Amino acid sequence: MLRTSSYTIYVDLPGHNDEMLLVHGYTGAYDRVSRRVATYLRSQELRRPPKPLYGDWSPEPEIDGQVAVPSDETLEVLKRRGYLTTLTREAEEAKLARIALKLHERSRRQAPSYIIMPTYDCNLRCSYCFQDHMRTDPRFQHLLRRIELPLADRILAAMPQIEALHGLSGDTRRHRNIGFFGGEPLLEICRPIVDRFIEGALAMGPASFWAVTNGTDLHAYHDLLSPTLLSGLQITIDGPPEEHDRRRIYADGSGTYERIARHIDIALEQGVKVSIRLNLDRNNIKDLPALAQDFVARGWDRHPGFSTYTAAIRAENEKTDRKTTFSTWELDCGLLELRESHPELAVIGRPDESIKFGARRVMGQSARKMPEFRESFCSAHNKMYIFDAFADIYACWERTGDARTRIGQILDDGSVKINTGVSDFWRSRTVASNPACRQCRYALHCGGGCAVLAVGKTGQYHANYCDGFASRFRANVAEAYLDHVTGEELGYKGGRLCDQ
Amino acid sequence: MSEETKKNTEIENLNPEAVDVDALSVEDLEDVSGGGCTDFTGSCSGFSGTCIGFHNPPAEQSIE
């Protein structure tokens, strides 16, 4: 029996009442259709999709207007593109799961990405930090050690062993991607460790290096800041100077804005890509125009390597009041509203620009390609390896510093021991590994959401964390299409550092 | 836009038919480009203001 695929996504186009977009959840098709065709498809759905077991209900547009059967030609296109199907709902779900698992197997065979945590220590005391306890609770004092040089050598020697686990070995031309994270990885005192990793990795083959850093001690890394060495930095700024200096503070309470700004100047001048992350909540979003003006006044937006992105602060510790926080969707709506009266906010990236960019890229394709799917949310679930000062290996940088969650260790003899149970647990999370995502038409566009946020909300890692994705996806695809038809320049510079 | 939809005002394809992942083996899908950061995209929800979420890229392979 021919019916509408359970994985059909309907996208309204603001200001265009006679047409809308269709996106398919496992064929990767994007189509513009008349509202008549969309109404027909809505009328042929078996039933409304079930409410997710957890997470938010994703409202879909109601059936609007009379139902008229499209032409035979249109029906054939709808079948070919996946919107009409003879598969049962269960058969479609099984197909989505097969696709997800196949993509996941492919991802797991890709080259690993590495993150080095030279220390869990940090010179700042940001109240919302998820690692705050490590610096303020004496019971975690033992964590605040640094990687020693012999361990750095063992970590470097472990990389080819890990690559062999991914079916990759013996290629001395392999380009390695190595990031530094913490704590604060670029503390002045960590310079010898960072040097060791950079020199050692380059002795093994080509490599690129980046860091997530608070930017306060970059003077100690001045000579490494270049397109060929430490070539990418992500630095957090939490508002214009006065607000930032209330949030991103040293242990003595003093602020950091001007110091960080000087270092950003130097990094940009030396050709480093600098991505500014802005952690926003209901209290500091109003300060964004002043911050944007400061970025422009400093000339940062004129550097091709400069970008910004916004993220919603989450209430991770008891110091953060949940009532002050946004969801990602609420943050985006707030930003859009501010942009109407403050055009200088064009230098501040919206949280979902990557969704819009991805859709624009698809609409600009001329050749047949792989669909742009994400079967899992991030590379904690396939190829990320995080090393800390205890020779422990982790999958997720939100879950480090606890031997119970390590996926492996580097032993004293330099060999890599993988804790199969924990590793398989992390590496098996996909949209196929929980029933809510398997039935969701957005699954392969979303990836299932952050595992750590999922466990915070549901108690389960293998659960969905939607964060309003349906609304965000539809809004951004609509914007992408409208930009596409007007020929708007694809100006996305990106922001988040990534292991692609 | 495909020939059949050029004159069809009811539906316009915005992208060519994508590869049918279900019909291919993992070996056919494997990305040959290797590791390394080349694309700054991601959509991490920003857990506690620190997680930046690594996104896995689609394979930029042109099949035909």
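Which residue does the side chain of Asn123(A) join through a polar contact of 2.9 Å? I began my notebook with this point.

**Entry 1. Conventions**

I noted that this is a predicted model, in which local features need pLDDT of at least 70 and side-chain atom pairs count only at pLDDT 80 or more, while totals for chains, interfaces and linings use all residues. Residues are numbered from 1 along each chain as its sequence is written, chains are lettered from A and ligands numbered from 1 in the order in which they are written, and side-chain values use heavy atoms, with hydrogens and water left out.

**Entry 2. Asn123(A)**

I looked up the partner and found Thr216(A), whose side chain is joined to that of Asn123(A) by a polar contact of 2.9 Å. A polar contact is a pair of N or O atoms within 3.5 Å; within protein, one must be able to donate a hydrogen and the other to accept it, and residues adjacent in sequence count only if both atoms are side-chain atoms. The side chain of Asn123(A) also makes a polar contact with the side chain of Asn214(A), at 2.9 Å.

I then placed Asn123(A) in the loop between strand E6 (113-116) and helix H4 (132-136) of chain A. Helices (H or I, at least four residues) and strands (E, at least two) are DSSP runs, numbered from the N terminus. Asn123(A) counts as buried because its relative accessibility is 18%; buried means under 20% relative accessible area, exposed over 50%, and partly exposed in between (1.4 Å probe, protein chains only). Leaving aside residues up to four places away in sequence, I found that Asn123(A) touches residues including Glu184(A), Leu187(A), Asp217(A) and Tyr250(A), where contact means heavy atoms within 4.5 Å.

**Entry 3. The sheet of 10 strands**

I traced an open sheet of 10 strands in chain A with the order E11-E10-E9-E8-E7-E6-E12-E13-E14-E15 and mixed pairing. Two strands pair if DSSP finds at least two bridges between them. The edge strands are E11 and strand E15 (416-418) of chain A, each pairing on one side only. On average, neighbouring strands of this sheet are turned by 25 degrees against each other, direction ignored. Helix H8 (residues 257-269) of chain A packs on the sheet and touches strand E9 (230-236), E10 and E11 of chain A, with its direction at about 150 degrees to that of E10(A). Axes are lines fitted to C-alpha atoms, for helices over the stretch in contact, and angles run from 0 to 180 degrees between N-to-C directions. Helix H9 (residues 288-297) of chain A lies across E10 and E11 of chain A and runs at about 165 degrees to E10(A).

Why is strand E11 (residues 306-312) of chain A largely enclosed by the rest of the structure? I found that seven of the seven residues of E11 of chain A are buried, so the strand is largely enclosed. Both faces of E11(A) are covered, with Phe306(A) among the buried residues on one side and Tyr309(A) among those on the other. Strand E10 (residues 273-280) of chain A pairs with E11(A) in the parallel sense over seven bridges, and Leu280(A) stands opposite Ala312(A) in E11(A).

**Entry 4**

I found four strands forming an open sheet in the order E2(A)-E3(A)-E4(A)-E1(B), with antiparallel pairing. Strand E2 (8-12) of chain A and strand E1 (11-13) of chain B stand at the edges, each with a single partner strand, so one side of each is left without a neighbour in the sheet. The twist averages 25 degrees from one strand to the next. From the N terminus on, the elements of chain B run α-β-α, and 58% of its 64 residues count as buried.

**Entry 5. Cysteines and backbone**

I searched the whole structure and noted zero disulfides over all chains, a disulfide being a pair of cysteine sulfur atoms within 2.5 Å. The closest cysteine sulfur to that of Cys440(A) is in Cys466(A), 6.3 Å away and too far for a bond.

Finally, I noted a cis peptide bond between Gly182(A) and Gly183(A), with omega about 20 degrees. Ala391(A) has a positive phi of about 65 degrees although it is not a glycine, and at 8% relative accessibility Ala391(A) counts as buried.
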